[in-house]
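The sequence and structure come before the description.

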Amino acid sequence: MATYPAELKYTREHEWARAEGKRARVGITDYAQDQLGDVVFVELPKVGTRVSQMQPFGVVESVKAVSDLYAPLSGEVVEVNESLAQRPEQVNQDPYGAGWMIVIALADEKELGGLMSAADYEAFIQTAGGH
Amino acid sequence: MVEPDAALLKRTPLHAAHVRRGARMVGFGGWEMPVQYAGIVEEHRTVRSAVGCFDVSHMGEFEFHGPDAGRALQRLTTNDVAALEVGQVQYSLLCYEDGGIVDDLTLYRLADDRYMMTVNAANIDKDWAWVTAHLDGRVEARNASAETGLIAVQGPNAEGLVGRLADRDVTTIGYYRFVRGRVAGVAATVSRTGYTGEDGFELYLPAADTERAWEALLGEGERGGVVPVGLGARDTLRLEMKYALYGNDIDQTTNPIEAGLAWVVKLAKGDFTGRAAIERVKVEGPRRRLVGFEMVDRAVPRHGYRLLRGGSEVGHVTSGSYGPSVDRYIGVGYVATALAEVGTEIDVEVRGQPQKARVVKTPFHPPKVKR
């Protein structure tokens with residue numbers, strides 16, 4: 001049963017963001033990991049990289065698919081989940097926890113307001129997002 | 001190439017059973033097939049540690065019958081049909097005059113004058129047109145694909161599982177041998193063959209009874225940990241063995257010598273379609289060879305990615321993935337013959353960047369087939 005934690009914000013590209021003070025932790029949703037299948041590789045940017053909202057910041061690969069990762073928010077990458085190199089399956093097993101991907105120091109906290117709530121994201125998947 | 005929409009995809013006799021089990025269905029070679037159930041990596045590992053059942057009913061089966069059947073097949077295929085005994089199977093190829101490959105196949109000798117050829121699903125129509133255009137003599141051919149279901153049961157527990165449901169002693173069936181019998185009461189050709197590198201069987205069944213056998217296998221095997229397995233894991237399993245996949249590793253533009261399939265080409269047997277061209281390549285030596293490689297840098301090699309050395313293109317990847325049993329990123333591809341030696345360092349171009357790789361010995365994983 002897919003989950004969409006209420007305290008997170010979501011994007012149309014199936015990323016989630018958790019506000020942590022002036023930063024945000026980012027990953028992909030349960031729906032995304034289920035659609036992808038077994039994640040076997042994650043390509044993440046280096047600490048210090050600048051990312052822009054809705055621009056690709058990395059790649060997630062499953063056995064069968066290669067998918068771009070899109071930054072939900074703009075800012076600077078201050079943390080990267082290095083454990084995904086050895087254990088990419090964490091993205092499938094715990095997409096909102098151990099499967100986190102990057103932490104962004106936010107350039108503009110107002111961007112958070114433009115993201116979807118859990119309820120909106122769930123509605124989005126039922127209708128348009130189901131592909 | 002535009003994929004036909006789902007309404008036009010063909011379905012095997014097990015389609016409803018897959019949907020009932022919640023399989024993820026995809027289009028493959030004109031068929032709607034399960035790509036996964038529980039997940040590709042888990043299914044792959046279960047086959048190697050226990051047993052898995054695969055629906056491969058989409059594959060094609062042609063039957064040949066008549067006093068000249070053997071002779072006709074001898075002229076059509078690359079392996080030595082005269083050496084094939086009743087009750088035996090051989091892996092073989094159909095080739096074009098220029099030595100390119102029409103398809104890879106397995107050939108069964110059912111009786112002195114009766115054979116069955118199993119071909120790839122995506123090539124059924126092409127292969128049927130090819131063989132019927134090239135048959136001569138007293139031989140009749142029949143395309144039995146639509147009325148034949150096929151279930152592969154693969155893994156160390158396969159013999160136990162099939163044995164419990166079969167009315168024959170399957171422990172005595174040798175590798176690349178088959179018998180006729182019943183499995184779960186269904187008339188079956190029980191063949192000790194497969195595409196995974198594990199011990200196991202492929203069960204040819206009447207299409208109308210295939211679902212009965214499928215449910216019986218999954219039911220009986222439950223305590224032994226049997227799982228249904230999709231095409232995703234079928235691909236990672238065969239990749240670890242470096243078994244060729246038509247359309248990826250071999251096709252109309254590749255000849256058996258460069259593809260590493262000289263062992264199923266018996267030039268001494270007499271004439272067959274493509275013989276002269278293949279012999280030329282063998283004598284001159286192939287310009288390129290299909291090799292296995294593993295990534296040194298962390299990256300996933302995939303079909304179509306370029307292979308580089310010192311920045312210059314030296315080949316391309318034909319198949320690549322994460323190998324769940326070897327826990328490495330592995331692939332196969334064609335490289336210039338001079339670079340085909342084990343240990344050669346090459347780069348795989350992934351998203352515009354060269355990622356280090358190394359030619360390795362294959363298979364990537366040790367075969368456990370019955371000896």
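## Overall dimensions

The radius of gyration is taken over C-alpha atoms, and the globule rule used for comparison is 2.2 Å times the number of residues to the power 0.38. For the 131 residues of chain A this rule gives a radius near 14 Å for a compact globule, and the 13 Å of chain A agrees with that. Along the principal axes, the C-alpha atoms of chain A fill a box of roughly 35 × 35 × 20 Å.

This is a predicted model, in which local features need pLDDT of at least 70 and side-chain atom pairs count only at pLDDT 80 or more, while totals for chains, interfaces and linings use all residues. Residues are numbered from 1 along each chain as its sequence is written, and chains are lettered from A and ligands numbered from 1 in the order in which they are written.

## Fold of chain A

Chain A has four helices and nine strands (DSSP runs, H or I of at least four residues for helices and E of at least two for strands, numbered from the N terminus). Their order along the sequence is β-β-β-α-β-β-β-β-β-α-α-β-α.

Of the 131 residues of chain A, 41% are buried, a residue being buried if 20 or more other C-beta atoms, placed from the backbone, lie within 10 Å of its own, exposed if 12 or fewer do, and partly exposed in between.

## Helix H4 of chain B

In helix H4 of chain B (residues 124-134), B:Ile124, B:Asp127 and B:Val131 are buried. Because these residues cover an arc of only 70° around the axis, they lie on the same side of H4(B), the arc being that of the directions from the helix axis to the C-beta atoms. B:Asp125, B:Ala129 and B:Ala133 are exposed on the other side of H4(B).
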